[in-house]
Structure formats: structure tokens, C-alpha cells
Amino acid sequence: MDYSQFLMMPQEIGLLLVFLLVFLYDTFMPSSTQKGLPLFATVVFGIFMILGFMPVSDGFAFGEMFESNKATWAMKNILNIGVFIVLLQSIKWANSDFVSVRRGEFYELILLTLFGMYLMISGRHFLIFVIGLETASLPLATLAAFEKRYYESHEAAAKYVLTAVFSSAIMLLGLSFVYGLTGTLYFSEIASSIVGDNSLLLIVALAFVISGVGYKLSLVPFHLWTADVYQGAPTMVTSYLSVISKGSAAFAFFVIMVQVFGAAYSHIWEWMLYAIIVITITVGNLFAIRQRNLKRFLAFSSISQAGYIMLGVIAANAVGMASMMYYILVYIFSNLAAFGVIAVIERQTGKVTTDDYNGLFKTNPWLAFVMMLAMFSLGGIPPFAGFFSKFFIFVGACSTGNVAVYALVLIALINTIISLYYYLLVVKAMFIRQDECVIPTLKSHWTEKAGLIICTMGIVLIGLISCFYTSLSDITAALNIFPG
Amino acid sequence: MYLIPSLIMFGCGVYGFITRKNMIAILISLELMLNSVDINFVVFNRYLYPAQHDGMFFTLFAIAIAAAETAVAIAIIINVYRVVKNVDINQITKMKF
């Protein structure tokens, strides 16, 4: 065996080293130094994140089972930024009384799920992809059950693990049909052998695969777990689930749909995805309006955001891929800012409903300000990054030139206006409404402040500095995986 | 021909997943679904593509993944049992809509 192939996967090996360091620290350091573990893990991961920006060489490893190119490299770096912010914001929470016994496990499981997502992104064989998907979803179930003193956490974990296994069984059935149809599980070989195939088996297989990955993305017919799990899980785990897990699944979904089943685009899955996007955006928005719990509210908001992300997939070209990655990057900053504020307030007061936020601006002006920026960015109000990401994803969807997709973009635009209503409800509660039992002035830990500052910088600057989008579009324009 | 038993197994699994009220029974139904997929892979490999062994290897990995899933699910169910003293899914419906 040629061991130099491992040089093709520097980011995976670096992540494993980070994991090993954290694991050794957790196991062998004396208990008096354990309080420093969260900070240690964050600093080591931060160094890894910065080193990850070094360019990697393009190519395949392990008999074309693993691919490394500029797009996977960029996507992994985007995820790294998000994970770094999550780790930074979780330091104070991990050292709190009820969690501190198991704080090492939190960081180890987070790093392991990230490793699974790397495999999902880079795998070019369905075996690697499935292993990555399971590595990314099973530890998340245990993370959802992390707050053992709360009943909701257990309920969330039970619902998550049972539905996750169900959906992965459905997806495996679809993959077995693909295997029966083509006799191979390599992405490239499947792509070449389904050209011109119109059989019923392929349609069924595609429907199953879409529902399996759609579960991870919480697209609408498969979204019912989302709100419960987001509400019950600890806020740090929720933020991780909503951005990192969803972002990696979106990228992997794009690769599977376009690279593997690209030949079936126009006559099979374009219309499946079309219908899914329409109901995802609409149902997510309409259910978000009636939520009072902010974590549930952000769950439905993230469902409708997943619908917007899928607009990049339905474009199925280089512009769509670039705008999808840009959307994920912006979505990471906006959503982590919102969850960061919720985490700060929940950790100190335990309040998570919209009514609790009445008059927050009077007592905590900075938290209210960051929350306002996050809501504006999620809703897509111009100077902030969310506007640009929505703009580019609409441009990407329109670049197909298909009239039906124009109609889809129009539906998405109307839904953006609906979403402004409920995003602004939160802003209204914080700035305009008054309440006698308002949240007292809180003092957040410096790590939480640092995380929120990074998010705020991201929200304000990423849209205005154009090099982010142009570099992403340069990367995707160089790929040759697109059909037609 | 050999696909019929595996599809019947899969259907039984889906039916059990939807109708059962006991979480352990739901987990058994899930195992049934995963194992039927394994049979599917082996059958396709043996009868359609006997030259390579992609399906066999996939099955081996799928069995390992299914074992891991069972372990995690059992652990979570035990945790739920400690809190509510029950494994009936009708008892864990506090969060809705």
C-alpha cells in the first residue's frame, strides 16, 4: 500500500490530531487542570483552523474513494469557522456545575462528528459517504441528551435517534437499488452508467436517497424532528446542529445530486426538488410565525433557510454551488449570533421565550443589538450579509434560464417578506415592548463576547467585502462536475 | 426473486416502526429494516454482479453501523426510562407543534 496517499487528506489528519490531544488531556491530566480543557480544546482547534487555510493539492486517494479539491477544501474551512465559534461560545457552559463532569466528552464528540462531515464532503464512494453520515449523526444524538438534568433533553435525543436510524435505513434501501441498477458504488461510475436511464427503479432509488439526506437537512416532508430536537437539546448543541450539520449535508447533497445523478437532472429529480423547496420554504415560514419559544422559532426559521439553500442545488451549475457555499457561510454567522445571544441569556436566567425578551434593549443593549443584527441578516435586510447571500442564491437559481425556476424564485421572494414579519417580531419585543419583569443586566463571559464579536463582524463585513464570493465562484468555476 | 423476502422484511419494519408503542419494539423494527437492506445488497451482488464484492463489503460495514446505532439508541432509551420510568412513546410527548 502506498502510504503517501494519506498526504491527500491533511485536514482530516489534522482534525484527528486535535481530537487525540483533547482526548489525552481529558484522560491523563490531573483533575485540578480539567477546568482548562474547554479553553485548551478551543485554542488547539483555532490553530488547526488557521493551518487549514493552507492550500491543499487536488487529486484522489484510496482508489478514487476520496477526493480533495478546492471546493471541498473551502467547504471544510467554512465548517471550521463555524465549529470554532461554537466551541468558543460553549466554554462557559461546559464549565458550569451540571455539565462539567462530562465536558471532555462534549468536545470529543463535536470533533468526531466534524470528522464524519469531512468524510461526507470528500467521499467519492457511497460506502465512505454512509460511514461519514452515520459518524456525523449518531454522536449528535448523544449530544442532544447531554443536559441530563432536564427531561426535554432526553425526549429530544430519543426522537432524534429513532428517526435518524429510520431515515438512514430508507436511504440505504435507495442505495441498494442504485447498486442493483449499476453494479457499482463509485460516484463517477454510477454517473456514467445511468446516462439515458429512465427506469422506475432509478426514480424510486432517487426518492429514497433524497429523503435520507433531506432528513439531515430537515427539508419539509422529513422535518418533524427538527423543532423538538432543537428545543430539547442544549443550546450549544442546537446551534451546532442547525448550522454545521446542515451546511455539510447541503454540500454533500449537492455533490450527490449533481455529480452522481446529474444525468437524471431534467427528467427526474429537478421536479422532486422543486416541490420540496416550495413546501419547505412555505411551511417553515408559516409555522415559525406561531412559535413563542425562541429555540423552536429558530428551528422553523432554519427549515425555511434550508429551502433557500436548496435553491443552489436546483441550479446545478457552478454559480449555484458558489452561491450555496456563500449562503452557508453567511448563515453560519447569522444563526450562531442568534444562538449565542440565546445561550448567554438562557445560561444565566433560563428564559427562552419571545415574551421574556420584552424590553431587553433597556437592560442589555449590546445583546439586543447583536440579536437585531442576526435577525436582520436572517431576514435579508440590505446592508447585512444575509441580503447578499439571498441575492446570490436567487441569481444562481435564475442562471438556469428555466421559466419554472423563475416562478420558484418568485415564491421564495414572497416568503422572504413573510419571514421578515416574524424576524421583526423578536426585534419589536426587544426594542419597543415594555415589561415589568424584564431580564436584568447580564454579564457575559469574555469567550461569549468574543464569539458574538466574531459573528457580528461576519454579518457586517462578509456582504460588503466582495472577495469572499468571488473567490468561491472562482473555485467552483474550475470544477467540471456539472451536467450539460 | 430473492428481493421479495427482503422487501417484506422492510415493509414489516416500517409497519412496526409506525404502530409500535414500546421504544424497544421500535428499535427492533428499525433493525429489521437495516437487515433487510443488507440482504438486498448481498442478493444484488451474488446474482447480478458476482465478479466484484462491493455489495458484500457494504453489508459488512452496514452491519457495524447498525450495531453502533443500536448501542446509542439503547443508551438513550435507558436514560429516558430513568426519567419517566417507562419506555412507552406516548409518555414522551411533552414537546409538540
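This passage describes chain B of a predicted model and its contact with chain A. Residues are numbered from 1 along each chain as its sequence is written, and chains are lettered from A in the order in which they are written. As the model is predicted, local features need pLDDT of at least 70 and side-chain atom pairs count only at pLDDT 80 or more, while totals for chains, interfaces and linings use all residues.

Chain B holds three helices and zero strands, giving the pattern α-α-α along the sequence; here helices (H or I, at least four residues) and strands (E, at least two) are DSSP runs, numbered from the N terminus. The radius of gyration of chain B, taken over C-alpha atoms, is 17 Å, well over the 13 Å that the globule rule (2.2 Å times the number of residues to the power 0.38) gives for 97 residues, so chain B is more spread out than a compact globule. Its C-alpha trace spans about 50 × 25 × 20 Å along the principal axes.

Turning to the partner chain, the contact takes 29 residues from chain A and 32 residues from chain B, where two residues are in contact if their C-beta atoms, placed from the backbone, lie within 7 Å. On the side of chain B that touches chain A, helix 1 (3-19), helix 2 (23-47) and helix 3 (54-84) each supply at least two residues. Helix 3 of chain B gives the most, with 16 residues. By class, this side of chain B has 26 nonpolar residues (Ala, Val, Leu, Ile, Met, Phe, Trp, Tyr, Cys and Pro), three charged (Asp, Glu, Lys and Arg) and three polar (the others, Gly among them).
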